[in-house]
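Please find below a colleague's note on the model under review.

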Amino acid sequence: MKIAGVKGMNDVLPADVARWQEMERVAREVFALYGYREVRTPAVEHAQLFARGVGEATDIVNKEMYVFEDKGEELLALRPEGTAGTVRAFIEHGAYVEGPQKWFYMGPMFRREKPQKGRYRQFHQIGCEAFGIAEPFLDAEQIALVADYFARLGVGARLKLNSVGDAACRPAYLAELKAYLGGRKAELCPDCIDRLERNPLRVLDCKVESCQPVLNGAPRLLERLCDGCRTHFDQVKVALDALGVRYEVDGRLVRGLDYYVRTAYELTSDALGSQSAVAGGGRYDRLVETLGGPPTPGIGFALGEERLAMILEKAGKAPPAQGPAVFFVSADAEGALEALRRAAELRRGGIACDLDPRGGKLKAQFKQAERVGARYALVLGGAEVQSGQAKLKDLSSREETPVALAQLAGFLASLPRP
Ligand code: AMP
């Protein structure tokens, strides 16, 4: 019986993994430039961590979390996002005693959402979290990091920026928003009506066409920020301008969770269709405390690797070539043994190479060489073994270069990388 993979959970096959490795390599490179260090936390945590850390009122926890009883003992959950686990580790290991920290992670996340293009039940995020600094320049630095990352990958994205206020200015605003939305309930979609009580800020995020006139007329938090939040927001903008990072202020951009304060940002791409967000971030100055640590401000973002891969593909960015430098084609039994030996020698020297242990027709072996993406093919038979000379055939230009077998490793190592 054939058993299929789980709905909404995808395989990434070798041909596509090259692109993923590139996204992750560039992330590591850029994040290191900004002083972020990698942390690896488990994919499973106590369910309670997310209930408290992400919020019980959120869809992620409320409807979409994979929760299971571990042998009837405790409720565990597959992590739906990376921040809560990272903050837990930060607290559990007392990392705060060392002062401000910048960490990043990458790995699978799980949400039982309705699968559709760009929305999966297992997906992968790359995220950064910076702890211990409340000043706005940190926000701008992190946003610049994301912008740099996209620039290095060679793709564009729109950066939207907002302030969601804090405990000083948001409660009054929420009351005003609720009263406004409550008065126009009849014009809202069922989701909005549901959110109106649980999480009114999220109503602003609704994309349903018929809700837009109501939402466009809603009171704006940006116009009601307290002095602290206003100054913070202005400073983030000043710093982004100084760094040359382009953004647009979007007063309707929200992060749905209570602990988010002040800066909220999102990157979107037209290449993605309806699920247009590729990354989202924000400041969470109360989260560490909520999860039992000392008061520690923080800001973080997560980006979705599946969506980023789609953007790269749409932009025609080919993943880096990963084929071997040379493919040995054996003409006879003597050549086959020599190929085995030469391949071992090249690999010891760090040069990727391949061969077909079945031997067989030269034509078939050449085909195989092309299929695996080899740069060169090299035919070995008794004659080449005797003379110590062979011909290296460039598989794209079809040009042949004579080479002494003894110099093969040196020759290949000296070639510029394609
Ligand atoms: P969030 O944690 O919901 O703010 O999401 C951050 C980023 O993760 C989004 O911008 C997406 O790129 C990605 N993402 C979130 N949920 C999914 C999902 N179900 N499938 C694929 N990517 C997702």
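1. Basis. The model is predicted; local features require pLDDT of at least 70 and side-chain atom pairs pLDDT 80 or more, whereas totals for chains, interfaces and linings use all residues. Residues are numbered from 1 along each chain as its sequence is written, and side-chain values use heavy atoms, with hydrogens and water left out.

2. A polar side-chain atom of Glu 113 is 2.6 Å from a ligand nitrogen atom, and one of Arg 111 is 2.9 Å from a ligand oxygen atom. Ala 279 contributes through its backbone, with an N or O atom 3.3 Å from an oxygen atom of the ligand. On its own the ligand has 490 Å² of accessible area, and the protein covers 89% of that (Shrake-Rupley method, 1.4 Å probe).

3. Elements at the site. Strands (E, at least two residues) and helices (H or I, at least four) are DSSP runs, numbered from the N terminus.

4. Three-stranded sheet. Which order do the strands of the open sheet of 3 strands have? The order is E2-E4-E3, with antiparallel pairing; two strands pair if DSSP finds at least two bridges between them. E2 (44–46) and E3 (67–70) are the edge strands, each pairing on one side only, and the twist averages 40° from one strand to the next. E2 is joined to E4 (residues 74–78) by 3 bridges, with Glu 45 opposite Ala 77. E3 and E4 pair over 4 bridges, and Phe 68 has Leu 76 as its bridge partner. The hairpin of E3 and E4 has 3 residues between the strands, and Lys 71 in the turn has a positive phi of about 50°. Helix H2 (residues 47–55) lies across E2, E3 and E4 at about 75° to E2. Axes are lines fitted to C-alpha atoms, for helices over the stretch in contact, and angles run from 0 to 180 degrees between N-to-C directions.

5. Five-stranded sheet. An open sheet of 5 strands has the order E13-E12-E14-E15-E16, with mixed pairing. E13 (353–355) and E16 (400–404) each have a single partner strand, so one side of each lacks a neighbour in the sheet. The twist averages 30° from one strand to the next. E12 (residues 326–330) runs parallel to E13, joined by 3 bridges, and Val 326 stands opposite Cys 353. Helix H14 (residues 362–371) packs on this sheet, touching E12, E14 (376–380) and E15 (389–394), at about 170° to E12; contact means heavy atoms within 4.5 Å.

6. Helix contact. Leu 243 belongs to helix H10 (residues 227–243). Leu 243 touches Ala 140 and Ala 144, residues up to four places away in sequence not being counted. Between Leu 243 and Ala 144, the C-alpha to C-alpha distance is 7.3 Å, with a sequence separation of 99 residues.

Notes: A polar contact is a pair of N or O atoms within 3.5 Å; within protein, one must be able to donate a hydrogen and the other to accept it, and residues adjacent in sequence count only if both atoms are side-chain atoms.
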